[in-house]
Amino acid sequence: MADEVDVVVIGLGPGGEDAAGRLAEAGLSVAAVESRLVGGECPYYACVPTKMMVRAAGLLEEARRVPGMAGEATVTPDWGPVAARIRDEATDSWDDKAAADRLTGMGVRLVRGEGRITAPGEVTVNDQVFRARRGILLNTGTAPAAPPIDGLADTPFWTNREAVQATEAPASLIVLGGGVVGAEMAQVFSRFGTRVTVVEAADRLLLNEEPESSALIRDVFEREGIGVRTGVDVTGVGHDGTEFTMRLGDEALPAERLLVATGRRPNLKGLGLAHVGLDEDARRLSVDGHMRAADGVWAIGDITGMGAFTHVSMYQGAIAVRDILGEEGPPAAYRAVPRVTFTDPEIGSVGLTEAQARDQNLPVRTGTARIPDSTRGWIQKAGNDGFVKLVENPEWGTLVGATAAGPAGGEVLGFLAVAVHTETPTAVLRDMIYAYPTFHRAIESALADLSA
């Protein structure tokens, strides 16, 4: 016998968990299916614990900046408090009981196991069949992906999941991949005394960001003693039971640990998408502005390809809930998707980079201001690396993208995200009053450069 419910949610990452709760609170019967941890990657292996790591590493670096600024300081790194905080405060030792209880307390029926679509409007979990009167919401997320490098699969390499669970900082670490995860982890472990080398196949770090961001992070990394190897081909990886060896052509690079941070793959295989006319081999599920992927099927989060961020998943989840409930609301708009790389300096970006705007054949004008040249940057002195870059469509007279790199770059980004999302004319931005002396005042200087 099949169980009749209104909605089946498959995948309880942040967006799916939130959507399931909202639907239940609206009076619908909801079955929520999860094979791992309620809450998904973000609270257990990504956003929350990694930012605890970043915070701790930042404190160490701030202490090292005391000499010449405020006296003398001696810094002795200790990974123990970091591991304890992640275990006790963030993850409850990777136990999702609190999240599961919160969800069921809202009236959601939690079902543990792999959910798969077995017919239109039908989901099977283990031997249990659910029929969804209103539809199915997919939020199955992504998983770490490792490249097909000779020998790699046979080694005990780390992904972000193992790195977050580390009980001590390794003596040495190779980070394969110079994207967001690789850059954040490289700097964190380096500041705790690990000898770190970042290996990236592309010609620069943070490939999806502005070239100026890539150059800034590379300069900071090398100044801090982090090795950076870009534009290299990894020909093999080995492990002798004690140490990793990465082969870069004729060169052998050794390390105690290897972190693979080369991207993620969508969890679509085995989901039964063919039963609703969708392709399991796709890299993403196309959705309309109301998150509809097929008749009676909604999809949100990483699998939609609109940004692998918790905030995008939550945003899409709210839209899907409205649509499932038959409520009015604006469709999704992605012109101002914000993103932050939590290195030091932080790299906050929104909308299009200059290259992306040109690829869309938009007319482009840019303006830049360096944080060290600003009054607040001069006051900051140690740790004042950064810049603000604005990307304008001069025909529209509005910003289509921006980057705020520097101390609190992710917070400065909030101003720019509003400007891009609301399509505020740059003429209006120039007429505003900017508080002095702040980091965000560099936006005013970048606007002046934009019109120069």
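These legends walk you through a predicted model of a protein, starting with the whole chain and ending at single residue pairs.

**View 1. The whole protein and its overall dimensions.** Welcome to the protein, which contains 14 helices and 22 strands. Its C-alpha atoms fill a box of roughly 75 × 60 × 40 Å along the principal axes.

View 2. Of the 452 residues, 51% count as buried.

**View 3. The charged side chains.** Here you can look for 42 positive and 62 negative side chains. The centres of these two sets lie 2 Å apart.

**View 4. Strand β1 and its cover.** Strand β1 spans residues 3-10 and is mostly covered. Of its 8 residues, 6 are buried.

**View 5. Strand β1 beside strand β6.** Strand β6 takes in residues 128-138 and pairs with β1 in the parallel sense. The pairing extends over 7 bridges. To find your place, look for V5, which stands opposite A132 in β6.

**View 6. Strand β1 beside strand β2.** β1 also runs parallel to strand β2, made of residues 30-34. This pair is joined by 4 bridges. A handy landmark is V8, standing opposite A31 in β2.

Conventions:
Residues are numbered from 1 along each chain as its sequence is written. This is a predicted model: local features need pLDDT of at least 70, side-chain atom pairs count only at pLDDT 80 or more; totals for chains, interfaces and linings use all residues. Side-chain values use heavy atoms; hydrogens and water are left out. Helices (H or I, at least four residues) and strands (E, at least two) are DSSP runs, numbered from the N terminus. Buried means under 20% relative accessible area, exposed over 50%, partly exposed in between (1.4 Å probe, protein chains only). Lys and Arg count as positive and Asp and Glu as negative; His and the chain ends are not counted. The place of a charge is taken as NZ of Lys, CZ of Arg, CG of Asp or CD of Glu. Two strands pair if DSSP finds at least two bridges between them.
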